[in-house]
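Have the picture open as you read.

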Amino acid sequence: MTQTGPPGEVAPGTATSGIVAHGVRRTFGDVVAVDHLDLEAPAGQVTALVGPNGSGKTTLLLVLATLLVPDAGTVRVAGHDPVADPVAVRARTGWMPDVFGTWATLTCREVLATVADAYRLPRPAARSRITDLLTLVHLADLADRPTQVLSRGQQQRLGLARALVHDPDVLLLDEPASGLDPRSRIELRGVVRNLAAAGKAVLVSSHVLAELDEMVDRAVVVNHGRTVSVETLSDAATAPRTWTLRALDQAALLAALAALGIDHGTPDRDGVPVAIRSDAAAAELLTALVRDGVPVVECRPAGGVLEQAYLALTENRR
Amino acid sequence: MTDDVLTAGPGAPRPTAGPVAPAPGAGTWRLTWSGLRTVAVLELRQRVRSTRWIIVLLLWGGLLGVLTALIHYATHQAFAGITDTNTDEQTRQAGATTFGLVVFLVLALGALVAPALSATSINGDRSAGVLATLQTTLLSPAEIALGKLTAAWITALALLAVALPFIGWAYLDGGTPAGRLAVVLALLAVMLLVVCAIGLGWSAVTARTTSSAVLTYLSVTFLGLGLPVLFGLLIPLSQQSERVTTRQMVEIPSATTAPAATDSSTPPPMQCQTQTETIVTTHTERIWWVLAPNPAVVIADAAPMPAGSDHSDVLSSLRSGVRELRLGEPSIRDWCYTDDAESRRREAARQAERERLGATWPYGLAGDLALGACFFVLTVRRLRAPARKLARGTRVA
């Protein structure tokens, strides 16, 4: 690749300061889409934006993508105010919308070339970058086919490539995994992690919490247009959560738990739910059970870290 | 490899470090050639690929061809019926009339087709989810709007180009000066641009494509048919009773009542008499401007007159008709229709007065261009992002 240098040559986070939003509010008539949102997505990290349908995720992303003026609050994207200086924000931000429309009769390559022109990138450099991006999202074979023949998942991947055309410092990905097949999801995870490793601030909104667990560093949980919690996923190992224990002989397991003085939830076909303080405590318990001769076959957190936090925080759905 | 793509090196295109140093506040009205070209090429490419444009152009050309042939035949038949003029003059008049009719035909059919070229441009993109894609790039609202307008206009000009042979045929029929051909073509192009701008504006304002299409057709119909109707409806409002001088034929009051005078076979001797009376006067000079922006009026008024004395072809008649309305009724109403020196002098004076008024078309054209400009400005304002207000039922993305 002639135009690309080694990743190490990129000055890390010079103009990049990620996303900072405080007290963002946005109403549509008498509908409060976003009530009071605080969010920080630092450079070099992947931040998840999770919340139920209608919790204001997409509205917030539209504010960050310079499409909506917030009613209140302060927002900085890559160090610039999206309302006062939208052009500066656009030059540094890649946005992948939840509903990805595409110019149906254009080929994948033409779509990306049009976007590159719209970002005023010099033509020859843009051309080789487009080829690289198409390879990255595995659309090289379909590069010269019109986008209307693409499947939904392929269109999503083209949408990701489109958001990356101008090599932005901040990425706003709205439901990037929807419509993707398992392999594409795993590849998306890799792409997103690499972007963060290259110093970009990545904000991902998604419902697929299990996906996010392995992809994100931090999670901002929103509900009813408000930030209800900010989780750091490295903290999750030391946070109490529910684990599921399953043994060949459930009676022996229950007896052993009783002997160890450990409370548990109602046992079912999947196993016995047990509240455990931390990963270390879980390992300790497992050792004790094995020592006692309980035929344990499974010991796993019930659902992902995010899923548990999410379920705890969003019980009252809209 | 993967990392290379994700983080372009120093030589890679980076808008932050590249030729683009976005100045703060450089916003809505920033226009660059490359931005304009990007949008126009995008639009034209989609048009060419998605519509069966060859079929559209063939149908358009076929329809024009058939109607032009019919107009040509009908006009020449009609003028061949007049035998008291010499054949050269006859051909010239037939040619000029054919030309006028074909021009109006192209104008009318263009007004039917042109709205479809831009009336769904912006709300169509919005509902397809591709408008925000452009808005979040470095393209300015003015570039997006002008690019779309340019693409629609180029498409309209392609229709005009297909119509060119038929207008040319009518021109070769004779009786039309070259200047008239040039002016008419230029104004047809301008009128198509105005229609495209109106369609673009409505597509930016309304959420649904059907609404914008209907509103665009209504707007064009208002200009073409609504204005003449409105003019007609305004006439009663412009009327008032006034004392004016009239000249009319009256019987000569004779002292000697000859018995022959009662005989119906010999009319009584009449004479033209000037008197003052109160009659209803129509002040078209107060409302003529309602007609001025009508595209047919603009084109007819701007088209240079053919050589010769007889200006009875369609374009010339419309031109003198509107200028007559602008002049209003003469101060002396001559209903004697005598061909004496006095009436000839008055007629010449009125014609001179009419010419002194100057052309009507600059007003009409200015009105049309202002209308198109208003719709264009409206479009640009609606394309501004971030948006504070959203129209009812519109999605941002």
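Which residue in β3(B) is the bridge partner of B:T246? It's B:R333. Before going on, note that this is a predicted model, where local features need pLDDT of at least 70, side-chain atom pairs count only at pLDDT 80 or more, and totals for chains, interfaces and linings use all residues. Residues are numbered from 1 along each chain as its sequence is written, while chains are lettered from A and ligands numbered from 1 in the order in which they are written.

Back to the sheet: it's an open one of 3 strands in chain B, ordered β2-β1-β3, with mixed pairing (two strands pair if DSSP finds at least two bridges between them). Strands are DSSP runs of E with at least two residues, and helices are runs of H or I with at least four. β1(B) and β3(B) run parallel and are joined by 3 bridges.

From one strand to the next, the twist averages 30°.

Now the helices. α3(B), residues 53-80, packs against α7(B), residues 141-172, at an angle of about 20°, with the axes 10 Å apart. That's why the two count as roughly parallel (angles under 35 degrees). Contact residues (C-beta atoms, placed from the backbone, within 7 Å) include B:W60 and B:L64 of α3(B) and B:V162 and B:F166 of α7(B).

How values were computed: Axes are lines fitted to C-alpha atoms, for helices over the stretch in contact, and angles run from 0 to 180 degrees between N-to-C directions. Angles under 35 degrees count as roughly parallel, over 145 as roughly antiparallel, 65 to 115 as roughly perpendicular and the rest as oblique. Two residues are in contact if their C-beta atoms, placed from the backbone, lie within 7 Å.
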